Amino acid sequence: MKPLNNSTERIGYFPGCSLASGARDYNESVLAVSAAAGVALVEIPDWNCCGATAAHAVNKQLSISLPARSLAIAAENGFTTIVAPCAACYNRLHGVNRELSEDAGKRAEIEGIISREFKGGLRVINALEYAKEFLMPALAGKIKPLKGLRLAPYYGCLLVRPPEVVQFDDPEDPKVMDAVIGDLGAQAVDWEYKIECCGGGHSLTRTDIVVNLSGAILKAAREANADGIVTACPMCHSNLDMRQLSVMKREGWKTGVPVYYLTQIIGLAIGLDEKALGIRRHFIPAGGLAAKKAAN
Amino acid sequence: MARIGVFICWCGENIARTVDVKHVAQEVATMQGVVHAEDYRYMCSEPGQRLITDVIREKRLTGLVVAACSPQMHERTFRKAAEAAGLNPYLVEMANIREHCSWVHDDREEATAKAVDIVRMMVAKVRRNEALYPIAVPVTKRALVIGGGIAGIETALSIANAGTEVMLVEKEPSIGGRMAGLGETFPTLDCSQCIMTPKMVEVAQHPRITLITYAEIEKLEGYVGNFTATIRLKARYVEASKCTGCGACFEKCPVKKVPSEFDQGLGVRTAIYRPFPQAVPNKPVIDSKSCLKLTKGTCGMCAKVCPTNAIDYEDKDRVVTEKFGAVVVATGFDVAQAAEFGEYGYGKYPDVITSIQFERMESASGPTGGKIVRPSDGVEPKSVVFIQCVGSRDEAKGRPYCSKICCMYTAKHTMLYKHKVHDGQAYVFYIDVRAGGKAYEEFTRRAVEEDGAVYLRGRVSHVYREGSSLIVKGVDTLAGEQVEIEADLVVLATAVTPRKEAAALAQTLGISHDTYGFYSEAHPKLRPVETAKAGVFLAGMCQGPRDIPESVASGSAAAAKALAVLSDDTLQREPVVSKVIEATCAHCRSCITACPYQAIEDYEIRDRKGSLIKVVARVNEGVCQGCGVCATICRSKSIDLAGFNDRQIYGQIDALSKH
Amino acid sequence: MAEREEFVPKITAFVCNWCTYAGADLAGTTRLKYPATVRVIRVPCSGRIDPVFILKAFEKGADGVLVSGCHPGDCHYISGNLYARRRWSVFPKLLELVGIEPERLTFTWVSASEAQKWADVVAEVTQRVKSVGPLTRYNEISPARIADGEAHNG
């Protein structure tokens, strides 16, 4: 990634397994808006899986060692800020970063496993913080307000919980994404399902649960007359977008509610191409949001 | 020359079976200082005690050791007996050869040898004992009660009815506390105001109670029997002596929308106001922050309409000092801020209220005249969900304790709701139903069996809006299912907490509190209304969650303790206190800092001209509790504890010498 | 071959009045049994126990010393036992420096209701002191002081 202007800080980029594969659209949008903002986003070399659902359910030590390795490499490469757009990666990296910075005994144990020194001094941020602190200030002058658009900000679980681990925003009524949407000129819908679980990793093993939970979220968004749902987690996006087809079948809906990544919305606001933002990859047709804006 | 008498008790068989008491007596007779050694079957009996008193007189004893049971059992008995015979009671010690010897060993030889050692130690100690005389501390025969809720009221009345003067200081314009704001009380469903107002009036009219409201304690100095309190009487702007309580002023006051503290924010009041109609004293005060005259210099309506010219805009705070012998703290409680619990939506949804707000709403004299309505649209709710344990039993929010009263008042609320809204349905989410008092369990059963309340054992995860209703999402653990209930009104039973200013007041008074802020008693089981500070007692909720019967009981108990302190012109204290040797004291202040009771002060020694010679430590005999921490910490051995001084203890150690 | 007499340690115990002394009383009331090796000296509070008392006890022939008070947080005099605790975290090291085996000195917290604990503590301490034998070293270091002690004792 070449910086467009002379921003001095290189931000470490941790795409995680999702953005490298199933959530390519998220990855594309992050890179596109970062380029437009002139942020020096640099992928962390030789990063590995963050451990997310699988590891921490199976082996506690593994679930700490996996993200610890990536963090150690990031520190070795001189990064001080890392952005993990995937909420699960963010939760793991942020939590482990905090734990190993505070617990010397644990740190020694894990350093032995990953055969690397954990130097610390890193700050792990999520896509919302990245948008608020790096993208929005840089793009301030380029935004064409998305006036008239009603967008439902969907935070999901891992961005704001557990509160003592992530210490980010109000765990019961978060507002950071609402504020970014507002700054883009759109209206952040005040709805009740901001932090309700989408069903997470049950997408494959218990699809019925995901259809129930995500179905409730989609229903609420429709009832709130949202033009789209905005999310910052590839798992949530997949459940709300891909599984929406099953929900539509069950509920008898003719049209669906498009689900966007926050970075895609930012990209739209600064006039980037829909294809470049990965919007064409969605299951539920998500194009032509700008047209909706005009219609409202 | 020491003339010590030693009496070895058989205690029937209890000692004699294992310890050869005759042999002990023989050994003891050879010990240094002993002039009389005798064994007897029951030393504590009348003939046994007479034996002692006879010997004391005959042999002019200078010290006495009774080798028998534990001093915790009979030290007092033998000290009294000795005193009656003319021997200073502090020259009497007991050698514990029963609990610590005959009862715990089987081998007669070993037990006897040990008994001899024990007696030898106590003889060595008594040789070094000094006569001590009880310390007389003068007493101001007046009690201070801080807080005019039901506990404070009960305390004040109990003390006054016993013939002692009391001053009751209350921070709000009226006494009555939280109980005055209740509708009906459990388990009788008595009207709270009805049972309380007679007591409030009694307090106001009692010849021995001086009632001061709208005032706060700023400082408490002194010690038991001799406290000096500095009290700030806040400016009322209404001259109590002229005011007749006619109410013309607040009827005409144009500032009508100040949120009413008494109505927990559900109602409004005027700037010149009386907290509630049955207020005692029944005289209004002006809230200087809301009054137009006091903030902007305009209006002045109340002064115009007052028929007795009682309004005084020039009023100022007054600070007075008063003397007391005992203090009772009855400052009550607060409830947790419901906004802490974002998941319940308090503050976001007007139809989510707290139990204390529901109580005001339900109350006949409340902001809705006793009607249960939704704050959002004034419509009668047909479905009300009560959530218990909001903040209580919650490690995550830092309050692992149970607030004790919520299960009962929630059951009460469901019943009162049903009595008013016949086609309404109440739901209660609970963890347990705690109903341990008299007629409490039966009360909660009535809520279910007679008034149809649905009790769901489980927690609520989320309250959110759907249309004009609220959806309460929780779990029914007994059925093993998630539940969603559509509610018109949600009531949160918020945790009982100490008052915001409790910690600051504790510091002012010199008492301690636990990690939550509730005031600490001297011993949780056996001294429940005393604090570690002599002369300061506790009553009511300031100590921790409790219901009205317990608060009243603790008020009476605290009164009894206070009366004991005030029962005489002087207070007799055990003379087991420390004393400073001023000649060698270097004023390093270690003892002053170490004393758990702040009983040691700096004392200036001056010559006759008034010039300072030196500053030393000096023990306040009225406060010292006799722990001896100071004696141990003193580097120059300039302070020692009477009754357990260094010489005495070294004497005991020496007595065990095997050389 | 003459049988060696079994060594019975002499243990001096300094205990606080409100907790340990009462706990020992309760052991008596409950008729628990424990070795007759301990001689109890009662003080109002464990905070009253001067380290010099312990030295004196050893000097006067104790093979072991036991110090016991209220559990931290439960002191009858609020914080006396906390001062004791601070002392006892430093004092054993000084004793060891002087050559007194750590097994000879024990600090415990025994509450008024812990009768069994008192009995167990006495048994344990007796065993522990037995294992290091009689304290003769101290006597050998300063025989002159011992002679002086005798004169004082009369």
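1. In this predicted model, the side chains of Arg281(A) and Glu28(A) meet in a salt bridge, with an N to O distance of 2.6 Å. Between domain 1 of chain A and domain 2 of chain A the count is one salt bridge, while the polar contacts across that interface come to nine residue pairs, with both residues of each pair at pLDDT 80 or more.

2. On the side of domain 1 of chain A that touches domain 2 of chain A, the elements that each supply at least two residues are α1 (16-20), α2 (24-37) and α5 (87-102) of chain A. It is α2(A) that gives the most to this side, with nine residues. Sorted by class, the residues of this side of domain 1 of chain A comprise 12 nonpolar, five polar and four charged.

3. As for the bounds used here, the domain assignment of chain A places domain 1 at 11-125 and domain 2 at 142-295, and the centres of the two domains, taken over C-alpha atoms, are separated by 24 Å. The contact between them draws 21 residues from domain 1 of chain A and 27 residues from domain 2 of chain A.

4. The size of an interface is often expressed as the accessible area that is lost when the parts come together. For domain 1 of chain A and domain 2 of chain A, the area buried between them is about 1800 Å², and carbon and sulfur atoms account for 62% of it.

5. Turning to the two chains, the area buried between chain A and chain B is about 750 Å², with 34% of it given by carbon and sulfur atoms. In chain A, the residues that lose the most area to chain B are Glu172(A), Glu192(A) and Glu196(A), which together make up 65% of what that side buries. In terms of contacts, six residues of chain A are in contact with eight residues of chain B.

6. Which charged and polar pairs are found across the interface of chain A and chain B? The rule finds four salt bridges across this interface, and it also finds five residue pairs in polar contact, both residues being at pLDDT 80 or more. The side of chain A that touches chain B has, by class, one nonpolar residue, no polar residues and five charged residues. A salt bridge is also formed by Asp173(A) with Lys348(B), where the closest N and O atoms are 3.6 Å apart.

Notes. Residues numbered from 1 in each chain as written. Chains lettered and ligands numbered in written order. Predicted model: local features only at pLDDT ≥ 70, side-chain atom pairs only at ≥ 80, totals over all residues. Heavy atoms only, no water. Contact = heavy atoms within 4.5 Å. Buried area = accessible area lost by both parts, 1.4 Å probe. Polar contact = N/O pair within 3.5 Å; in protein donor to acceptor, adjacent residues only side chain to side chain. Nonpolar A, V, L, I, M, F, W, Y, C, P; charged D, E, K, R; others polar. Domains from an automatic or database assignment. Helix = DSSP H or I, 4+ residues; strand = E, 2+ residues; numbered from the N terminus.
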